[in-house]
Amino acid sequence: MKKIGLLRDHKKSKIAVLSPDNIKQLKDQASFYVESNSGKHAGFTNENYEAAGAKIVDTRQEVIDIADLLLTYSTILDDEQIHTSKTFIGVYDVLGDFGTLIPFQKEGVNLYSLNLLPRTTIAQSMDVMSSAASILGYKAVLKAASLSTSTIPMITGAGGTLRPAKVLILGAGVAGLQAIATAKRLGAIVRAFDVRAVAKTDVESLGAQFVNIEGATDNSNAGGYAVEQTADYLNKVDQILYDECIQADIIICTARIPGKKAPLLVSEKALHKMKPGAVIVDLATDSGGNCAWSKKGKTIVTDNQITIVGDTNLLAKSSKSASFLLANNFTSFLKHFLKNSENEEDEILRATKILTNGQVTNERILAEIDEI
């Protein structure tokens, strides 16, 4: 029987990748060893894990020594030692930072990252990126609303009527669509832009207006993600989004291109002309940002009183809800892994496996490294 270890996320995300209920589902297939306080920020106590059948272990090193298979959200190794073959499963930002791999490039280490899952039907229940994005889109709107000097819904009182806020969503993937739905529920007037033509239907189905800019490159082989665009098209986007930005009270930036720098959608020119008191929440700062003045991990207020939020840790502020969703994703992947780990041709495992015996073997990662 496999020995599975759950490592506490020592970074800021505070995510628990398995809940006690998940362990109950899997305890007939493996034995579980949980680093003490792994579920603290998600609302799961050590006693909850023990009641589910897991054993609580005091340190990461002890968990690593005991387990064959180690689960974590984003924790990397520090001074821990690996003495025998180990397999790590997590969510590692390898495409954004190849240095993430260095602690794992040791003999005997296999590494899987769930952010590389293929966009297939069977992988839908494992889609950690969609789960995280849905929380981030929601939190971004609430963050913007709390910082805005204007109210979001139309409010009528003795002193008159306050018009609803104008909210612009840039990028209509999972995070963007959740942001649209949240802003609409709060009573905002919402407009949204995405380079993918197929996004128009999703945006309008949520009651928002789609900012249509013709001439985008749309790649049907990109798995539903946006792709890099031509210079001519980007110039057209810059001109049209300038007008959209200067009218907005709130802008939520969610546009990303996997493995590439995030597209610049809120220009310096627009920032100089935006309304005092406007708020921008940029969810893409960890890959360069959609806003020209965004700073990763920082919230700044410009000279013309625009608040720009570059918080890369919004997920942690909903760690309980995020852990519920992500733990179910990990459980689905783990069930598949335990059943198919010996099948070298399995599509899901091939796509997510980055290291084999400490060496990079993932075709996608190797191609990205070759481009540097």
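Reader: Which residue in β6 does T87 stand opposite?

Author: T87 stands opposite N110. A word on the source: this is a predicted model, where local features need pLDDT of at least 70, side-chain atom pairs count only at pLDDT 80 or more, and totals for chains, interfaces and linings use all residues. Residues are numbered from 1 along each chain as its sequence is written, and side-chain values use heavy atoms, with hydrogens and water left out.

Reader: What makes β5 and β6 a pair?

Author: Two strands pair if DSSP finds at least two bridges between them, and a strand is a DSSP run of E with at least two residues, numbered from the N terminus (helices are runs of H or I with at least four). Five bridges join β5 to β6 (residues 109-113), and the two run parallel. β5 also pairs with β4 (residues 69-71) in the parallel sense, over three bridges. There, F88 in β5 is the bridge partner of L70.

Reader: Why is β5 called largely enclosed?

Author: Buried means under 20% relative accessible area, exposed over 50%, and partly exposed in between (1.4 Å probe, protein chains only). Five of the five residues of β5 (residues 86-90) are buried, so the rest of the structure largely encloses this strand. Both faces are covered, with K86, F88 and G90 buried on one side and T87 and I89 buried on the other.

Reader: Why does T285 count as buried?

Author: T285 has 8% relative accessibility, so it counts as buried. You will find T285 in the loop between β13 and β14.

Reader: What does the side chain of T285 reach?

Author: The side chain of T285 reaches the backbone oxygen of G310 at 3.1 Å. A polar contact is a pair of N or O atoms within 3.5 Å; within protein, one must be able to donate a hydrogen and the other to accept it, and residues adjacent in sequence count only if both atoms are side-chain atoms.
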